[in-house]
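I would like to walk through one model with you, going from a helix to a sheet and ending with a single residue.

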Amino acid sequence: MSQVSQSLLSQATLPELYTLGKLKEKIKDTHLNDLFAFDATRFEHFSVSFEQLLFDFSKHRIDKDVLQSLLNLLGSRGLSEHIKQLFSKELLNYTEQRAVMHWALRLPKNTQEYPDLAVLVHEQLNRMYKLVDKIHAGQYRGATGEVIQDVVNIGVGGSDLGPLMATHALSDYKVATAKPLYIHFVSTMDGSQLSELLHKLRPETTLFIISSKSFGTIDTLTNAQTVRLWLEKALGTHAQILKHHFIGVSTKPDKMTAWGIAPENQFLLWDWVGGRYSLWSCIGLPIALTIGVEGFKQFLAGAHAVDQHFRTADFSKNIPVLMGLLGVWNNNFLDIQTHAILPYDGRLKYFASYLQQLEMESNGKSVQRNGEKVEFDTCPIVWGEVGPNAQHAFYQLLHQGTHSVSCDFIAPAKRYNAKQFTYVENAEALTEQHHLALSNCLAQSRLLAFGNNALSTEELEGLPAYKQYAGNQPSSTILLHELNPYNLGMLIALYEHKVFVQSVMWNINSFDQWGVEKGKDIASQLLPILNGSQSDVSGLDASTRGLIKVLLEK
């Protein structure tokens, strides 16, 4: 019996968990083949459409009783009240005494709800939009008067992963500019990305975005200092270098000013925006530079549409709620501890990496809101890769390995048919390639679910064991009409709210990251030793002392 069943089923105050434990015992030996055989209309019962998005969860090991019991559990957890608290100014992030209002970043300009927040947000967005238009028009120039043609985003974590993911995903929607404009990303603290990039750029035509919520992250500021020295070596140390070649995005205008970023080139964040939720703000400047102002507005509008869906849709038809419940069922009742993200579109190359931070940094917690240790598993390990690549890497484990893994398959239904592809001479061939990707997406989820039943009778006859497939691996399929700014905004917001639903179910705080902070703190203590400005290692463990000794001898 799973940990959640062992620890909680005996509590009479939680009859929903007791019921789910009994249902788990009933369904654990039931194959997906049997569930589909029992209900020929299973797809209709276990799929939900919202605008141009379809969520199919029929290949999960649930039935109507399981789903209803999971929905009942939400009542005992008070999800409705928690959603109201999320969409408010309450200090939901209680360990840091902060509100959690990333949803406010996508409020419509003239909203009647929280107009003060909308004014605050749109003041910064409008300033960002003016900068984007100026750069696109070729009117933003470097210190020597040349037009900016390369923009480098320097950030780490949410200041890098979100903009990188979305910029790549929406590359088909890159807007025309007066001169070619190229967006680059730098995050590694070891300088490897910078060393590879800088020799390809011209200082005269390069603009750097320093994105750091605290403007104190050593990774980001070290890279920023390196490019500052690179610029000064080429162009001199006069003040125009900083004024024309650096943009800052942070909650700390005083620190940006002290570093040398001109006030007119500073864009503000707020403490109530978590880093991994910040791509909707001016942290999303690289996204806006790629898809333009109108594209970015569509991106925000898609996320806002999902906000409204999450707040108003009945839980039985509420996609983020269903995503969260399925994760809890798999994780805590079926003991499935890993979750794979498998997009069948190369533009979503960085989506799994983005979700790793969103989910594991948010829900990788072991202490409940009441301060007590959790007695059950929380966030699963999230991993993944673009599907066609993954098929030739780790799908062997999914199909015939010994681990149970739940999967999300993600694909756009349409591609290469919009106006932006009229210049492609072989559009028909590319459409066929897209259909090839879709056929593989459907085939892989089918084989994972149904195993040998996905094979023909003739193929099964005399088939050796090493060519057989157990199936029964659960998966969801998310179909977008197409991958555009609006739909990508929807997709990201679905996962944001899924994470919140699960935090409510597990009674944890999704919005702090003390483990991350402490790791940085310990690194800052070790840095002076490696730099030679401090020599006392007596307080360190034997392993770290030994490794430092080896490093200092090199």
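Predicted model: local features only at pLDDT ≥ 70, side-chain atom pairs only at ≥ 80, totals over all residues.

Let us begin with helix α7, residues 115-136, whose 22 residues should span 32 Å at 1.5 Å a residue, and whose end C-alpha atoms are 30 Å apart, which agrees. The expected span here is 1.5 Å times one less than the number of residues, and helices (H or I, at least four residues) and strands (E, at least two) are DSSP runs, numbered from the N terminus.

Residues are numbered from 1 along each chain as its sequence is written, and side-chain values use heavy atoms, with hydrogens and water left out.

Which residues of α7 are buried? Among them are L117, V121, L125, M128 and V132, where buried means under 20% relative accessible area, exposed over 50% and partly exposed in between, with a 1.4 Å probe and protein chains only. An α-helix has 3.6 residues a turn, so residues three or four places apart point the same way. The cover over the buried residues of α7 includes strands β5, β6 and β7 and helix α13, and just after α7 comes G138, with a positive phi of about 75°.

Now to the sheet, which is open and has 6 strands in the order β1-β2-β11-β10-β8-β9, with mixed pairing; two strands pair if DSSP finds at least two bridges between them. At the edges stand β1 and β9, each with a single partner strand, so one side of each is left without a neighbour in the sheet. Strands β1 and β2 run antiparallel, joined by 4 bridges, and F50 stands opposite L53 in β2. In their hairpin, which has 2 residues between the strands, E51 takes a positive phi near 50°. Strand β2 also pairs with β11 in the antiparallel sense, over 5 bridges, and there D56 stands opposite T477.

Leaving aside residues up to four places away in sequence, T251 touches S212, K213, S214, L269, W270 and D271, a contact being heavy atoms within 4.5 Å. The side chain of T251 also reaches the backbone oxygen of K213 at 2.6 Å.

Conventions
Polar contact = N/O pair within 3.5 Å; in protein donor to acceptor, adjacent residues only side chain to side chain.
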